[in-house]
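Trainee: Could you walk me through reading this model? I would like the general idea of each feature, followed by the case at hand.

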Amino acid sequence: MPVRQWPRCRRRSLSTLRFLLVSGGTLLLLATALLGKGDVPWQPRQMSQLQETLLAGPFISNPLTPAQVEALRHREAAMNEQALARLYLAHMTLDQKLGQLFMVQYYGITYSADLETMIHDLYAGGVIMYAAQMRTFQQTRADIQHMQARAWMPLFISADEEGGFVERINNIYGHRPGALEVYQTGKVSNAAALGHGIAHDLKALGLNTDLAPDVDVPVVNGPDQYLRTWGYTPQSVIDYGGAYLRAVQGDGVIACLKHFPGLGAAQTDAHTDLPVIKRSREQIYSTELVPFKHFIQSPQSLDHPGMIMTTDLLMPALDPVWPAELSPTIVTGILRQELGYDGVVITDALYMEGIAKKWNLPEAVVLALAAGNDMILGVRSSYDLRNAVAAIKQALASGQLSQSAIDASVTRIIALKIHYHLWPIPRFV
């Protein structure tokens with residue numbers, strides 16, 4: 001039948017088909033421009049290059065309308081963050097993937113050649129900084145800008161900034177009250193104010209991740225909990241810690257709940273030895289796990305933590321063999337499967353004596369990943385990082401670790417970077 005005799009509905013279908021083919025070609029060209037071709041490992045490009053390609057490229061010519069072009073600039077119109085992360089993952093080498101699993105720290109008080117090796121040559125996913133390395137505003141900002149400029153992929157730049165007993169930017173901004181002091185004011189709004197202030201100051205320096213709030217529920221007066229808890233009950237922790245959490249994340253800084261599954265009953269400091277918490281399963285579920293469950297399952301998006309930190313403690317009622325951060329039962333079984341958390345899980349520092357007395361760093365790294373953690377704290381030099389990466393590769397070869405689990409962790413890490421706009425390319429997808 002000649003085309004001019006086709007029914008009107010069929011002509012509309014043909015027009016629709018033509019539009020879809022053109023649009024599909026557009027997205028394919030865009031993906032090719034962003035990700036490269038073939039099996040060549042994907043490398044990031046500067047924002048200015050991406051803008052120039054988008055504005056000048058032939059794939060935004062007619063028949064796309066201005067509205068359709070604008071839609072291509074927003075990732076929400078095309079695919080979600082997990083899907084984007086998987087696209088990038090497909091163009092990464094194994095070394096690039098494994099580097100993303102580490103949030104490294106560094107010796108000394110300023111940017112160093114060894115730090116550059118970790119972030120540029122070994123592809124580290126993040127850097128944690130301490131007070132000694134943040135002495136003045138200009139020095140700190142310059143060091144962080146240099147880190148990001150030399151990084152293969154935008155970095156998580158983090159600090160444990162709680163206020164009170166645990167503060168890292170006090171050399172620059174002075175002392176802040178801690179969680180317990182804020183709770184004692186009786187005003188939840190003060191917790192939100194603390195979070196807003198910390199987020200503002202971190203962002204001004206270039207830090208994008210706050211390894212806080214501490215949502216442990218105090219059961220005893222533990223040695224590592226001084227001034228760090230939001231009152232004394234699960235509900236007070238939820239109320240005050242939640243206000244802090246929402247303020248930090250609402251201001252664009254990634255927050256991290258700690259210390260899963262809960263240090264509130266620990267009578268030993270994990271920095272010096274492994275705490276053993278002899279509480280029943282019922283007690284743990286009704287107290288220590290309550291804040292974590294609340295925030296993970298909350299209907300409010302700002303309650304959902306970008307990260308959760310596991311820690312060094314033994315809870316025989318949950319796992320009589322493995323410390324919590326090395327326990328598949330606790331990390332994968334309880335945190336992932338029972339509570340439903342699918343964000344980034346990061347370890348506490350694996351050089352703390354609660355772990356290091358029994359396992360060396362490469363061994364602990366492999367065990368932590370096998371348990372279900374995504375990122376590792378505790379690597380302090382390129383020597384440590386090379387050894388840890390070598391141990392992971394050996395574990396992959398032996399079957400102790402699976403490539404699919406590594407890929408899932410890297411996907412979560414990249415998706416979090418996309419969500420918090422650390423990663424510029426998704427704006428144009």
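Mentor: Gladly. A polar contact is a pair of N or O atoms within 3.5 Å; within protein, one must be able to donate a hydrogen and the other to accept it, and residues adjacent in sequence count only if both atoms are side-chain atoms. Helices (H or I, at least four residues) and strands (E, at least two) are DSSP runs, numbered from the N terminus. Here, Asn-80 caps the N-terminal end of α4, with a side-chain oxygen 3.2 Å from the backbone nitrogen of Gln-82.

Trainee: What should I keep in mind about the source of these values?

Mentor: This is a predicted model, where local features need pLDDT of at least 70, side-chain atom pairs count only at pLDDT 80 or more, and totals for chains, interfaces and linings use all residues. Residues are numbered from 1 along each chain as its sequence is written, and side-chain values use heavy atoms, with hydrogens and water left out.

Trainee: How many helices and strands does the protein have?

Mentor: There are 18 helices and 8 strands. Of the 429 residues, 53% are buried (under 20% relative accessible area; exposed is over 50%, partly exposed in between; 1.4 Å probe, protein chains only).

Trainee: Which residues of α4 are buried?

Mentor: They are Glu-81, Leu-84, Ala-85, Tyr-88 and Leu-89. Seen down the axis of α4, these buried residues fall within an arc of 145°, so they line one face of the helix; the arc is that of the directions from the helix axis to the C-beta atoms.

Trainee: And Tyr-88 itself?

Mentor: Tyr-88 sits in α4, which spans residues 81–89, and has a relative accessible area of 1%.

Trainee: Where is Thr-311, and which residues does Thr-311 touch?

Mentor: Thr-311 lies in the loop between β6 (307–310) and α14 (328–338). A contact means heavy atoms within 4.5 Å. Leaving out residues up to four places away in sequence, Thr-311 touches His-259, Phe-260, Leu-263, Ala-324, Glu-325 and Asp-348. Thr-311 counts as buried because its relative accessibility is 0%.
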